[in-house]
Amino acid sequence: MREYKDGGTPTPPPLSGRGGPGPAELQEAEARSSPGRRGGGRCSRTGPPRRRAASSCHGLAPPYRAERASSGPLTGSLGPAPSTCLSRDITCEHSILGMFSELKFPVPWGHVAAKAWGPSEGHPVLCLHGWLDNANTFDKLIPLLPRDCYYVAMDFSGHGLSSHRPAGSPYHFLDYVSDVRRVAAALQWRRFTLMGHSMGGSVAGMFCFLYPEMVDKLILLENLGFLLAPEDTEAWLKSKRMVIDRLLSLEAKQQTPKARSPEAALQRLLEANRHLTAEGGAILLQRGATETPAGLVYNRDMRVRTQSRESFTVEQCVKLLQKIKDHVLIIIAQDGLLVPHKLDSRNHFVKALREAFESTLKEHIQLVEVPGSHFVHLNEPEVVSGIISNFLTAQNTRARL
């Protein structure tokens, strides 16, 4: 059974916080121009037709579909958690992209949560959020995109409504890539479009390199598809040691998650990330915290902050770029995290990567700068929706801006 909330702002799922890193964390691209139009065109379907999920796929159980569906984006006050009564039927039919359904994909340590918009038979687009964010980051963008695509925005493990990884396990970058592979297998998607914001773009880029036959188009929002390794060997070793030490420190403390009032939770998020507006922060918070008698507790796993990166040198990036045969769209915000003249010591890394993209991929790539901040897709989705819509609807040719 599927239930819809009638009228008004839907009862949202509970809140997620984020203590975003500063510009010094650029290697993860986290702190984290034309006006858009409402999508109405058709998405290109360059791969084989997508099959509906059966009882199992590649050894994985099919995703559950939550009973509750809501009209989005979510901007209302906090409310109770969504229903936990689930159905095994994966089909989620919606004619209006403002409506979405909640999905759960079983994994050995629990589940990976996601939300879906559009007709399930539409061209599949998998959307990947940034570090310490969640699937709600696409709430305002997806309703502006072509209506006959099927958009699935997942929460990475340890984020949003997804389960935390088992005790004692650090978060490796490749774990996020494996999350994508598990979701694609559960959906039985053989070929699809990937869209990733910030860290999600790095995950999308790595997935594209490992499984190029599965990706028809790649959309990177405020990301160049790579995590860059420190130039200095000692700095690289220090970063690896820090992952282990921080993990052991967190395990030793075993601190009870801090509860905050809704206002304090939002204020903490905005203080940690200057790129978020109050509205955007509220949208992210609605998915990633749980209401307790003491207040709101962030859902995100603290171990996420100690993740181990899979990073590359510029030379390795160039070699990997030569493996890409997909059409690639990169959107850079003029006040975001990847503007070369604002990056100081990492200026040459970004410049070198941009030059490598343009010289290596040539006709396969579009690199567009737009006005806005790191969260332009959430704060001002109209700025990028037209560009993305044109790219999605282009048939075997470069999308025209």
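1. Let me start with glutamine 188, which counts as buried at 10% relative accessibility; buried means under 20% relative accessible area, exposed over 50% and partly exposed in between, with a 1.4 Å probe and protein chains only. Glutamine 188 sits in the loop between helix H1 (173–187) and S8. Its phi is positive, about 55°, although the residue is not a glycine.

2. A word on the basis: this is a predicted model, where local features need pLDDT of at least 70 and side-chain atom pairs count only at pLDDT 80 or more, while totals for chains, interfaces and linings use all residues. Residues are numbered from 1 along each chain as its sequence is written, and side-chain values use heavy atoms, leaving out hydrogens and water.

3. Please look next at serine 198, in the loop between strand S8 (192–197) and helix H2 (199–210). Helices (H or I, at least four residues) and strands (E, at least two) are DSSP runs, numbered from the N terminus. Serine 198, a residue other than glycine, has a positive phi near 55°.

4. Serine 198 is buried, with 0% relative accessible area. Its side chain makes a polar contact of 2.9 Å with the side chain of histidine 374 (a pair of N or O atoms within 3.5 Å; within protein, one must be able to donate a hydrogen and the other to accept it, and residues adjacent in sequence count only if both atoms are side-chain atoms).

5. Finally, leucine 321 belongs to helix H6 (residues 314–321) and is buried at 0% relative accessibility. Leaving aside residues up to four places away in sequence, leucine 321 touches Phe226, Ala356, Phe357, Thr360 and Leu361, where contact means heavy atoms within 4.5 Å.
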